[in-house]
Amino acid sequence: MPIERFLLGCAGVVWLMASPVLCADAAPRPDQVPSFNRDVRPILASKCFECHGPDEESREADLRLDTREGATADLGGSRALSPGDPESSEMVARMLSDDPDEKMPPPDSGKSLTAAQIETLSRWITGGGKYERHWAFIPPERPAAPVVKTTNWPRNEIDAFVLARLESQGLKPSPEADRYTLVRRVYLDLIGLPPSPEQADAFVLDRDPQAYENLVDRLLRSKHYGERWARQWLDLARYSDTNGYEKDRQRSIWPYRDWVINALNEDMPFDQFTIEQLAGDMLPGAMLEQRIATGFHRNTMLNEEGGIDPLEYRFYAMVDRVATTGTLWMGLTVGCAQCHSHKYDPITHTDYYRMLALLDNADEPDLSVPYPAIAKDRERIEAEIVKHEAELAGQFPPASGEGSVDERRERKLEAHFTEWLEAEQSRAVNWTTLRPSHLKTNLPKLELLDDESIFSSGDITKRDVFTLTFPLGELSAPATALRLEVLPDERLPAGGPGRAYYEGRKGDFFLSEITATAGGQPVTFASASASYGKIAIGSGNADAQNVFDGNGSTGWSTAEREGEPHQLVLNLQTPVAAAGDLQLVFVFERHFAASLGRFRVSATTASGEPTASAVPVDLEALLARDSSSWTDSDRIAQKKYFLSVTPQLAEARKKLDELRSQLPKFPTTMVMQERPVDNPRKTFRHHRGEYLQTREDVAPGAPAVFRSLGQDEPTNRLAFARWLVSRSNPLVGRVTVNRAWRALFGNGLVRTSGDFGTQADPPTHPELLDWLAREFVEQGWSLKKLHRLIVTSATYRQSSRVTTELIARDAGNRLLARGPRTRVDAEMVRDMILSASGLLSDKVGGKSVYPPQPDSVTALAYGDTKWPVSAGEDRYRRSLYTFSKRTAPFAAYAVFDAPSGENCTARRDRSNTPLQALTLLNDEMFLELARALARTAVDQQPTSTASASADGRATFLFRRLLTRPPDDGELEALLEFVQSQRSRLKNGELDATLICGEEDASAELAAWIMLARAIMNFDETITKQ
Amino acid sequence: MDHVGSCDHELRRNHHEAVDHTVFDHTVFDHTVFDHTVFDHTVFDHTVFDHTVFDYIAATGRALDSIDVRREQKAMNTEFLKLQTRRHFFNDCGVGLGKIALASLLSGGAAGSSIAAPASRPSPTSPQPPHFPARAKRVIYLFMAGAPSQLELFDYKPKLVELEGKPIPPSVVKGQRYAFIQPDAAVLAPRFRFKKHGDSGAELSEMLPHLAGIVDDVSFVRSAHTDLFNHSPAQLFVNTGSGIPGRPSMGSWLSYGLGSEANDLPSFVVLKSGGSLSGGASMWSAGFLPSTHQGVPFRGQGDPILHVSNPPGYDMRAQRDSLDLIQRQNRKRLGVVGDPEILTRINAYEMAYRMQTRAPELMDFSQETAETVSMYGAESGNSKQAFANNCLLARRLAERGVRFIQVYHAGWDHHSNVEGGVRAQCRQTDQACAALIRDLKQRGLLDDTLVVWGGEFGRTPMVETSAALGRSMGRDHHPQAFTMWFAGGGIRPGVSLGRTDELGFHVAEDPVHVHDVQATILHCLGIDHRRLTFRFRGLNFRLTGVEENAPVEGLLA
């Protein structure tokens, strides 16, 4: 980059520090009119807006001070703000008043103004009392880079902005970090793993002036780049492998996690990255991958505790989705407006629910992901099944007697088949499907499908009631029995037939009661039968008669055979005339929502007492017909079914059952699915943010404050997603680049990463923030380009060493006069040590895994959960893939401040605690890595000359963990330690077998293991500097 | 050693200079900030600084009206003091500080003084003064998870005997949501006999003979009520003030607000017995508070604190040798890169080492007299006596200055056979609860230890029966009314507060919301619940939510 020319082009631009930060006294000079955004708003926001701000419900005296109209409004003779005239401004009089009833803020509010603050406000009023939009709500423009004195320092525009600021403060940047520090820093930042000593040396020795840039480009191409940056995104997405709350059961959403890794590795533009995650399902011709991406907002928690109100917890999930969307793409604490209008930012209570409505109109199914490798396995096994089915007849046991084996076999098969057929024929009755004229429910939507079955969609509750009306006119004679078929459907959880999706088995249902009336008269059931019945959870039975025993707590259910059709037959006490309407009422009442998803009702006029049959209904219909009408293919179907049930082949079919059990299932992932147009979900405003207190319904839309900026107002999820990454949203670029800055520098240019509102910390470098925000968009929303831009700046490349002077001037490094130095994130702590040990698996993606930790960690969770430690490669996968259980987070990560997936986390803590020390010192997981590392050191450095090999080993261990070579003093200390431990081991004070964890351990190896463990605990090991 | 002494002296002097030379606006400083207690413990506290937005405060001049602001303010001072200390450290002591000197700096203070040497407790859990004088210094919270039946234990309702088998009038149950039953379920009479006890005349079930023996030391609230009717949210609500996971727990709030009195144990310890806990780890989470305030669960098996034991083969000397190498290297790096965070890490490693040396002694009940052990019914290593063991351990933790000791006992969720269930649970808990009060009292600890007993909600006057779940003669969840008891620091003993209607359904007198209970607990510890706040996602969060809640006056001593 031709910096000189670039800087020349900017000459003459007046650019003075506009940010108030770092000045202890924010008051402007007396000859200046205070700036509203810089000087005035912070005072008003913290002292006045709570009672005189955007929230109409808590507004006192009808006065609002957050708008000029409000502040200058006539208050019956007086005005809070008289522009240019503090003396006739009521607010000044009130601030100066001694009368406790008059004084503002009221003395009992705990807020008070300093003399300097009153002075600032007065001078602002004198200067005209002008209001400005909050800086973050003004779309960023691309500022020209400022002119700097030290023209040979900047490497790109970032540096011009940073240096100008430093120079205005009389500070100099720090020198560039040494090559070892730099290579380690940029490896950790871009791929989350340390360089090997060889990789580091290669860079250090590389004389190409572009060596660093080339390295950066290589790292940006690494498949580990996506893994490192996915972790940050997953914090925001509140990703977890479990549902949260009491049971905290496992969920399957890792395909979404892999989608994030892939998208980042492919450098998917951030606008597309956004749209696909928020509304990929609504894109025209949505691809599988785009649907997987919508898992983003499915990462909310799901309460599966028995007895909850499922819609209540869906509401809380929606609240989380709004807050997360606000934090992530708008940098606004919109969640504040859940209960009332925002106290500080211009988000009204209605705005909040309009935003919620934008996200609200979706169903939340599981999506089966047909990974090709699994599909191939399935095809192979299915082919085998077909082959074995075709061979069944050939395995029928032959009859005794004369003839060839085949003849005897054929004879016996035919005899048994005929016997079976006759029995089934006499049992089969003719059923007429009843076509409903009316379908009514408490909430779910029922629709009639082409096969006259009924399909349920929309929301369900713990007590669903279906009221179904069937005209009986088509029957030829009075009805004697009714048949209810419960049917599978791929749209239902686990394929149906029920809609249970939490607490109970997925796809289960629980039919408590059926009542019937015909022509307004009650119909009595005499008996009932079911083809299959089983209840999941509890000890009750699933007898068919339960549906008419008048007891809601008994019922019929077909648990454990989801995805299959079943039937229930009800025999009527007295036949019902073939005229008028039959009304059936189904009640589904359980401690979880479990109504039917798809079903069909038929009636028969047959006499006798028809019973439910396991024979498929088509076949039963065939059997009920006169045999003279059977075609050849009818007979083949009958035979095929017979072979699948006859006890004669029970043994032969075992192989088939085995094959079926081996069929690998496709993994599922949780996605969003926009609801059909004929059944939209209504969204209401909730008084005080409470689930039960619904008020008027609201139309979807963006917050009013941004409306003037936009062309088209979004009215659905897809439009909202597009709106978020458009010019209409002034925040998205700033928020996104700020997050990248935070990840690389430890702090954002705006410290409050998730909050850019009026209460937020103003940016340290506002022009730089805006420049980056524009540059990011102009460079095609490329995160890789953004990361490259930052890490190739001179600002980033500075040494992180700090002088006492610098601490005095800028303890928090807000001016960026030095490079970043922070303890790495929890997952990186382990990944770095895994990498050093040589055990790290470099496999990308797949199901989450279980690295070793004591069972006692998860035993604290509900149900005494076990931690099934992974074997083989999975034991050493990157920490990103560790199974994340919300109510019992992986202990070694939790202790280093990893989030547990309960909140969208824009900023992790960086604590420094004794429990971290205990973990790194004593956790078996880390000890195992120390052993592996030391073993490599001992193996790679043979003991030819003792002292040279000791130096070599110590250096090897040190460099694997710290990258740089030890200096002489350090080396000496390491060797001294090894020597003293070695002698303790040799004289029997320490037991090498225990330390090495193996029988044939040597004192030598044990001593090196002890050293590896100690170096793992150096501050520098877990620090990016 | 002399040299160390002079360093020490130097530090104190420097800190007074800090006051004189401060670049910050004097008016924002509260003088207590410079009190030795605070200063001494925070001088190297970079961690606190990391969690604050002190520049933001300086820029916006926000009101200094809550503890989080006090912390931020303190952080400003800390930053400055750190600078002073660092300057001193480099200029005067040099970086070649010997092992002994450092060990002394770190080892926990001058003999006989409650105020440790500077830099000895560089942690965000350093003690802080309360808002007003505290009556209690610590809390032992006996959380009866699953929700015990108040109707079988504390709240005797003869009317239920009369009405047994009949439904409760629709006017009473109207609009209520239940977890398992329909609101028109029949009434179930109390399963046990009740009797009045002690001078206070508190009426208790025959299932609580031990509690009856100390009844005058205890105060009952029969009018507690909550917002939530499912276990996980309701347990979270009691522990964190919110039914949604992710908020800071009470113990975390106290650790954050008051700091810790223990320098070799965590400030917030979690003990557990009985069955599963519905609320899970979220109940002792620090939420959005700095994560160092999260509760530390003691494990039933293995190390009480995860990884507190040395690995196999390492004796204490090997551990010390390793630590010496680590600390030597860290000091060296501190000299090179100058990051004060390294000093925090040096201190964290020393405290870890102290925890390791103290943990075995803490768990060793053989130091207790046989009389004490049998009073609790404790039996080390016997999992059937886990609750009794935990009560005894709770006392030992209280003695060692742990701020918040959360004792969970799960197993009170009696949807079926409430009679048998309550009987079994009382057998496991009644004796140890009473012994804990007696033991604290005889040691003089009850005066400044607050003991709280209660579950997450109550149980229905109506019976729960379900064929599908195989349940009968049980009671469902009932958020409208339940009973809790309190004893010790800040509590007026012998009080019976609140009354339910004749069906035990609704509160009829002196309702006490869960947030009131939390406000009461904070009050006993000298904290105004309205002023203990933390800013997160644009809101000043507090434990007790946004509604107007208050400490229960009638309970306070």
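# Rings, charges and an interface in a predicted model

Q: What makes A:R1013 count as a charge over the face of B:Y314?
A: In this predicted model, A:R1013 lies at 4.2 Å from the ring centre of B:Y314. A charge sits over a ring if CZ of Arg is within 6 Å of the ring centre and within 35 degrees of the ring normal, so A:R1013 is said to lie over the face of B:Y314.

Q: Which ring does A:R228 lie over?
A: A:R228 lies over the face of A:W229, at 4.1 Å from the ring centre.

Q: How many aromatic pairs does the structure hold, over all chains?
A: The structure holds 57 of them. One of these is formed by A:W124 and A:Y131, with 5.5 Å centre to centre and 70 degrees between the planes.

Q: Why is the pair of A:W124 and A:Y131 called edge-to-face?
A: Ring centres must lie within 6.5 Å, and planes over 60 degrees apart count as edge-to-face. The values for A:W124 and A:Y131 are 5.5 Å and 70 degrees, therefore the pair is edge-to-face. Both residues are buried.

Q: Why is the pair of A:W233 and A:F296 called tilted instead?
A: Their planes stand 35 degrees apart, with 6.1 Å centre to centre. Stacked requires under 30 degrees and edge-to-face over 60, so 35 degrees falls to the remaining class, tilted.

Q: What parts of the chain does the pair of A:W233 and A:F296 link?
A: A:W233 is in helix α11 (residues 223-236) of chain A, whereas A:F296 is in the loop between α14 (288-293) and α15 (310-330) of chain A; the two are 63 residues apart. Both A:W233 and A:F296 are buried. They also belong to one aromatic cluster, with A:Y256, A:W259, A:F270, A:F273, A:W329, A:F776 and A:W781.

Q: How do you know that B:R345 and A:D1019 meet in a salt bridge?
A: Their side chains are 2.7 Å apart, N to O. The limit is 4 Å, so the pair qualifies as a salt bridge. Across the interface of chain A and chain B, the rule finds 10 salt bridges.

Q: Which helix gives the most to the side of chain A that touches chain B?
A: Helix α30 (residues 914-922) of chain A does, with nine residues.

Q: What is the area buried between chain A and chain B?
A: The area is about 9,100 Å², of which carbon and sulfur atoms give 55%. A:L860, A:N912 and A:L918 supply 8% of the area that chain A buries against chain B, more than any other three residues. In terms of contact, 120 residues of chain A meet 103 residues of chain B.

Key
Residues are numbered from 1 along each chain as its sequence is written. Chains are lettered from A and ligands numbered from 1 in the order in which they are written. This is a predicted model: local features need pLDDT of at least 70, side-chain atom pairs count only at pLDDT 80 or more; totals for chains, interfaces and linings use all residues. Side-chain values use heavy atoms; hydrogens and water are left out. Rings of Phe, Tyr and Trp (its six-membered ring) pair if their centres lie within 6.5 Å; planes under 30 degrees apart count as stacked, over 60 as edge-to-face and the rest as tilted. Buried means under 20% relative accessible area, exposed over 50%, partly exposed in between (1.4 Å probe, protein chains only). Helices (H or I, at least four residues) and strands (E, at least two) are DSSP runs, numbered from the N terminus. Contact means heavy atoms within 4.5 Å. Buried area is the accessible area (1.4 Å probe) that two parts lose on being put together, summed over both.
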